[in-house]
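Open the structure in your viewer and keep the selection tool at hand. The stops below are taken in order.

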Amino acid sequence: MTELAALFVLVALTLGAASLAAHLIRNRVGPTAFVENLTQRIDAWWVMCIVLGVAFALGPGATILLFAFLSFAVLREFLTLTRRSRADHYALIFAFFVALPVQYLAIWQDWYGFFTVFIPVWTFMILPTLSVLRGQTEGFLTRMAETQWALMVSVFCVSHVPALLFLDIPGFDKSGVLLVAFLVIVVQGSDVLQYIWGKMLGRTKVAPRTSPSKTWEGLIGGTLSAALLGAALFWLTPFPPLTAGLLAFVCAIVGFFGGLVLSAVKRDRGVKDWGTTIEGHGGFLDRLDGVVFAALIFFHLLRFFWVTNPETFNIVF
Amino acid sequence: MAIDIRSSLGRIAQTAAGAVLTGIAHAVAAPRVVRLCPPLGATPRIYIANHTSNADTVLIWACLSRRERRRVRPVAAADYWLKSPLRRFIGKGVFNAVLIERNPEDRTQDPVAQMTAAIDAGFSLILFPEGRRNEGEVPLLPLKSGIYHLARSRPDLEIVPVWIENLNGVLPRGEVIPVPLICTLTFGPPISPDLRGAEGEKARFLAGLAERMLALSPAGHDRSTPAVGDPPAPADPQGGAQP
């Protein structure tokens, strides 16, 4: 696991540099609200990286458990904001105490044929069945659709991050943990890079009504730098730098739109953040919003091109 | 000696049960606490909260500091908390609740007198002034007059309005398994009611308190955008009480 050790050193150096930069800015301009928020965010990054790092070092079991916990935290934030009625109590209990554990058990068992259909097929039928028996029809479609959405985003999508652990890419003999690390670093890195590019050059807003802080300059600069970051981290993947960079670019774009979609959900429900747990960042879903969409696409791109159809596409890459 | 050991064992059991209940409340309801009031000082307080769930008392209690918990007694229904030995242990032993008799006909003690006695002994109170659990669609039931009589007899009290949001979603009436959603507890700014010589102002006083409570609810911060399915807000809830 020399790759993982090298990654820890690189991440620690990056965060160290960020903490130092924030300290220097504070000395220059004093403790303004911006500097305080920046410091809070960097401190939270330290905690998040240490928690992820420990889980990665402990292996697949710990990594799956960590993401199961993150799913729980995200599901809790999501379902707190969705419309529901007392008649949905059993449906909600099912979501938390059956759907979530079953999905992660299937991930742990590497049971692809089940974990890809359990929530879109089985849960899709079970949730409304549990609620319809209680006879409360007012807002039924809205309630069911929002609960299903909560499960898709919080459990189905998030569980595709640890699903990368067992992706059997021919010729890749390193740990699947590295692919998880690649995805998380590229998407989160893209988020930070978009923020930095946006602060420096940002003028033209992408979707002013949905997310006033997202600009075209930030988006283009951020995703292109994320592609470079991905290319530089090719040694975590089975691919040469160009392919790794291309995949990183796709993940960054998808991550951007994931963030935008979930911002629209927040606007709809009239909140600024999903929660208050992570200081400076908001809730768990505020930090994971890009990852949820990117994980799904990254997993299926890898699986389609390199696991199920490698002969068809190995000429291209 | 035997009695001493017994009572200290009892105290250990009460402390342990208190810690377990606090832990469960935090794990299940993940309360987000918004504090717009200073910590409990020398002036006794009455925390008045909306009542939508059986777990309201536990949640407020769990969100107070350990120091505050020793000095705060919830006001609760005697028939509920004396029903079984476990409830009696939690109600009397852990919460040190002021247990009042709900049915006026069978009463042996006056609830307001019981509460005043607790205040005079230096305790603060948690009170649900609606008098019963709100299971309807309106956000708050009309307040009972007990809080008015209390504020009149002890004019230097502080009243702290509290709003509990979403706990009835966690554990609706009649359900056993809670859904772990996030609750929000807002402790509003203290009110110092000076009711000396304010005879006959009961309706206005109670309406004012209700308004201070409702102002802490999410609908209260954001009346311009009512959620889908919410009844339209009345134009002026105070209107009827104005002379």
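Predicted model: local features only at pLDDT ≥ 70, side-chain atom pairs only at ≥ 80, totals over all residues.

Residues are numbered from 1 along each chain as its sequence is written, and chains are lettered from A and ligands numbered from 1 in the order in which they are written.

Start by selecting the contact between the chains. Chain A gives 15 residues and chain B gives 15 residues; two residues are in contact if their C-beta atoms, placed from the backbone, lie within 7 Å. On the side of chain A that touches chain B, α3 (60-81) and α4 (89-108) of chain A each give two or more residues.

Next, select chain B. Ten helices and seven strands are found in chain B (DSSP runs, numbered from the N terminus: helices are H or I with at least four residues, strands E with at least two).

Within chain B, select B:Glu130, in the loop between β5 (124-127) and α7 (146-153). Is B:Glu130 exposed, partly exposed or buried? B:Glu130 is partly exposed because 19 other C-beta atoms lie within 10 Å; buried means 20 or more, exposed 12 or fewer, and partly exposed in between, with C-beta atoms placed from the backbone.

Last, select A:Leu183, A:Ala295 and B:Leu59, which have the most contacts inside the largest nonpolar core, a set of 141 residues. Such a core consists of buried Ala, Val, Leu, Ile, Met, Phe, Trp, Tyr and Cys residues joined through C-beta atoms within 7 Å.
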